[in-house]
Amino acid sequence: MAVSLMLLLMPLALQAQNHKGKTLTDRDTIPLFRGVAVSFDLVGVIQSGLGDYGQYEAAARLNLRDRYFPVVELGVGHADADDVDSGLRYKTSAPYGRVGVDFNVLRNKHDVNRVYVGGRYGYTSFKYDVDGTAVKDPVWGDDVEYSYKDNSANCHWLELVAGVDARIWGPLRLGWSLRYKRKLTSKDPAIGKAWYIPGYGRYDDRIGGTFNVIIEL
């Protein structure tokens, strides 16, 4: 009887031992810090070359267990634009910054390629000039210059981010992101809203994106 009972219990004991061994073996034991990456955005450079506004932006990103990626983005946004309809010229150049985190949503988080979702908080404080053609004074009939210099403004905003990046060779990676932007608060001068906000884009923009050259160490 006792021998029979032992024979019945042996498979259960072996199964439990194998399960325990598998748990210890398969546990993800990678270190918290997995590296750092620096990147440069090409979209803003192309906008600067082809249009009347753009930005130069670099970023630094930490890799925590191949799943979480805290990131800091710093840049300088600029605009020198003429509005044909209103005859006004808008000019600004100022730094900006964003902080946030990306989350790698791939099931195999250790894959060399990644798919992200994440968020950013952005801020800039800047000054801008607005110039226009002279207007006729309705009382005296003189030409009055339309020129407002050093108008102070600032803006806080949030961004929802979705993107991918892929390893090309060694430490070299390429990645892109699509962003939905929403202003939280902004301070505008008495003359009205800024046409362009460094780091955010044109005042009424909601959609943006980046294309990054990345070096991961």
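Residues are numbered from 1 along each chain as its sequence is written, and side-chain values use heavy atoms, with hydrogens and water left out. Because the model is predicted, local features need pLDDT of at least 70 and side-chain atom pairs count only at pLDDT 80 or more, while totals for chains, interfaces and linings use all residues.

Trainee: How many helices and strands does the protein chain have?

Mentor: Helices (H or I, at least four residues) and strands (E, at least two) are DSSP runs, numbered from the N terminus. Along the sequence the pattern reads α-β-α-β-β-β-β-β-β-β-β-β. That comes to two helices and ten strands.

Trainee: Which side chain does Asp-165 join in a polar contact?

Mentor: A polar contact is a pair of N or O atoms within 3.5 Å; within protein, one must be able to donate a hydrogen and the other to accept it, and residues adjacent in sequence count only if both atoms are side-chain atoms. Here the distance is 2.6 Å, and the partner is Tyr-116.

Trainee: What separates the C-alpha atoms of Val-76 and Pro-95?

Mentor: Val-76 belongs to strand β3, residues 68-83. Pro-95 is among the residues Val-76 touches, where contact means heavy atoms within 4.5 Å. The two are 19 residues apart along the chain, yet their C-alpha atoms are separated by 4.2 Å.

Definitions and conventions. Lists of a residue's contacts leave out its neighbours within four places in sequence.
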